[in-house]
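Visitor: I would like to learn how to read salt bridges and overall shape from a model. Please take me through one.

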Amino acid sequence: MKALCSKKTVIITFVALIAVALWIVRFTYINTKWPNAEIVKIVQGQKVVMGDISMRIKETIIDSEENTLKAFSVNSTDKYQSFVRPFVEKGWGAKILTTTIELENLSENVVTADLSRLTAEQSYWGNGLDSFMLASINKDAQEILSIPPNSIVTVHLSFDLFDKHFPNGRFEKLDTLEFSIPLTLYPQKIVLVL
């Protein structure tokens, strides 16, 4: 019986070692097969052209939800459904990162921009667009935005920041962190620096 147990243990250990070795080989192969993406940073005020649309970050602010709504003249009588408020009521700290972006249609046709696909990121944090805030602080903007031919549209994009996502006191220093919106990931990672 003892010999059978030790034989079974040896077989299980051998199979486990082979599985780990195969995983390490696969991981190494995948991570060394292709070079890392080159990061191209488009800073505030600089334009980048993606297809028929030119984009430029005009301004970025980080403030409370209340101050953000006031800054864009959204009052309590307006229809506004808060994504942030339920978390604040549970004791979370929250702020809104709002960036003003200028989108220019460079073509002779109507072009659509899918704003819902945009995310803001920071080295260890990422979050999608707050669609409730988008509808509240922009008069005509929707997640799918139509841009008339040869025209410029300015849109305010908002992303929610919660203290639980920023450890080690970083939430209090949000103004010192570099946030960006990635436009492409590979072979070049093009990001709009907020």
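Visitor: Is Lys-41 buried, exposed or partly exposed, and how do I read that?

Guide: Lys-41 has 45%, so it is partly exposed. This is a predicted model: local features need pLDDT of at least 70, side-chain atom pairs count only at pLDDT 80 or more, and totals for chains, interfaces and linings use all residues. Residues are numbered from 1 along each chain as its sequence is written, and side-chain values use heavy atoms, with hydrogens and water left out.

Visitor: Which residue does Lys-41 meet in a salt bridge?

Guide: A salt bridge is a side-chain nitrogen of Lys or Arg within 4 Å of a carboxyl oxygen of Asp or Glu. Lys-41 pairs with Glu-178, at 3.0 Å from N to O. Glu-178 sits in the loop between strand 9 (152-162) and strand 10 (180-182), and Lys-41 in strand 1 (residues 38-42), so the bridge ties together parts 137 residues apart in sequence. Strands (E, at least two residues) and helices (H or I, at least four) are DSSP runs, numbered from the N terminus. Glu-178 is partly exposed too, at 44%.

Visitor: How many salt bridges are there in the whole structure?

Guide: The search finds 7. One of them joins Glu-102 to Arg-56, with the closest N and O atoms 3.1 Å apart. Glu-102 lies in strand 4 (residues 94-105) and Arg-56 in strand 3 (residues 53-63), so this pair ties parts 46 residues apart in sequence. Glu-102 is buried at 11%. Arg-56 is partly exposed at 21%.

Visitor: Which residues are linked with Glu-102 in a network of salt bridges?

Guide: Arg-56 and Lys-58.

Visitor: What about Arg-85 and Glu-65?

Guide: Their side chains meet in a salt bridge at 4.0 Å, N to O. Arg-85 is in helix 3 (residues 85-89) and Glu-65 in helix 2 (residues 65-71), 20 residues apart. Arg-85 is partly exposed at 36%, whereas Glu-65 is buried at 10%.

Visitor: How many helices and strands does the protein have?

Guide: It has 4 helices and 11 strands.

Conventions
Buried < 20%, exposed > 50% of the residue type's maximum accessible area, 1.4 Å probe, protein only.
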